[in-house]
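Trainee: I would like to go through this structure and ask what stands behind each description. Could we look at it together?

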Amino acid sequence: MIINQWYVAAESNEITAGTPKKVRMLGLDFALFRDSAGQVSCLSDVCVHRGASLGEGRMTSAGCVECPYHGWQFDGAGSVVRIPSLPADLPVPKRARVDSYPVQELYGWVWVFLGDLPEAERPPLPEFPEYHDSANWRTIRGDFTWDGNYARIVENGLDFAHAPFVHPSFGDRDRAEIHDFTLEQDAWSARAKVTYIPPLPRGVWKMVRKERTPVEARPGFHLSGSTMRLDVWLTQTWQMVIFDVNTPIDETRTITRWIMARSFFRQPLFDGDSRKRTLKIFEQDKVIVEKICPEIVPTDLREELSVKSDGLMNAYRAKRRELIERGWAIDVEAMRAHVDGKRALVIGSPLRREEDGRNFVLKTIPLVPAKSSAPAQEAA
Ligand code: FES
Ligand SMILES: [Fe+2]
């Protein structure tokens, strides 16, 4: 699991003014809340006083979250603005604060930057213009939880060679060769283009394509949100996009939030059928992905054999490795003390970095050392 990345923490409509929500990401807990102006904040969940869970507190009329134990009130920046037991003439201590993380809302999701990079160094969010183009696209959305590592799940989405074997409605096992495909990349993302001949569609989709003509597909990823995007052109103009973000709950559990956009059958009447088809794909993948050994991508990538058709997946592995080599991977073994409840550790926030860690009570999570100072390891 890697810090200094954007992750989707929740659906926007789950964060309502009035009640905070506790969310687990990267094995740590966070408190999300919306103030009366509509702004969402994300704080580290552990209260610096005696460790109670802020996400289980309540909101004050001033838009602060109130710790359920002794009522300390935290604003969106993570600072305590009131300690009820403290006489009015005594100041609130400077260290009475928790880490607060940058938040953006986009595509109906709350994105949180889990790391301490200044704004100019943070990666962009992935583009999904179809989401805003309701004249030409119909979207549906949902989520799916896996007992699996998020990197394995992203890789599964990038792996077009599995379709004929895992998704019989998408691929044909007797025509499983992947001929040349092209790969486009930038600093944060990569995308492939493949052509394949799928079986004839069934059900209402028979109207889309009547012959066994080649179909173009473009799978790709963006590191922000561990996003996977798959475009499929069923005909020249009938296009479908599956756009999903994959948030590690911890090392071996992942929540995928997905949006499926289609340029055909745009009436709501067809939503149920589209939802069924999308969920079926996830269910078919789940059977395989939850049993992959090892559960996490191996430390030494040479312990798995890749072939040419794994090119897009390998591009993802390469980009992820760069992040690990920068020293941004959580040292999961060293974090066990937190997981086992023996110690509270947090991801450092931008303000903590600005102030060189002064005036913060809790220690930050251990990271795998950067490549320059130690041999890099692949972490989960
Ligand atoms: S533990 Fe939060 S106010 Fe005491
Ligand atoms: Fe799949």
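Trainee: What covers the buried residues of α3?

Mentor: In this predicted model, the cover includes β12 (138-146), α1 (150-158), α2 (163-166), β17 (239-250) and β18 (253-262).

Trainee: Which residues of α3 are called buried, and what makes them buried?

Mentor: They are T278, I281, F282, D285 and V289; the term requires 20 or more other C-beta atoms within 10 Å of a residue's own, so each of these five residues meets that cut-off.

Trainee: How do you know that they are on the same side of α3?

Mentor: They cover an arc of only 90° around the axis, and therefore they share one side of α3, while the face turned away from that buried side carries the exposed residues G272, K276, K280, E283 and V287.

Trainee: How does the reach of α3 stand against the expected value?

Mentor: Helix α3 (residues 271-289) has 19 residues and extends 27 Å from its first C-alpha to its last, which is close to the 27 Å expected at 1.5 Å a residue.

Trainee: Which residues touch the most other members of the largest nonpolar core?

Mentor: Among its 80 residues, these are A9, F30, L32, V110, V112 and L114, and strand β11 (residues 109-114) gives the most to this core, with 6 residues.

How values were computed:
Residues numbered from 1 in each chain as written. Chains lettered and ligands numbered in written order. Predicted model: local features only at pLDDT ≥ 70, side-chain atom pairs only at ≥ 80, totals over all residues. Helix = DSSP H or I, 4+ residues; strand = E, 2+ residues; numbered from the N terminus. Expected span 1.5 Å × (residues − 1). Buried ≥ 20, exposed ≤ 12 C-beta atoms within 10 Å, placed from the backbone. Arc of directions from axis to C-beta. Contact = placed C-beta atoms within 7 Å. Core = buried A, V, L, I, M, F, W, Y, C linked by C-beta atoms within 7 Å.
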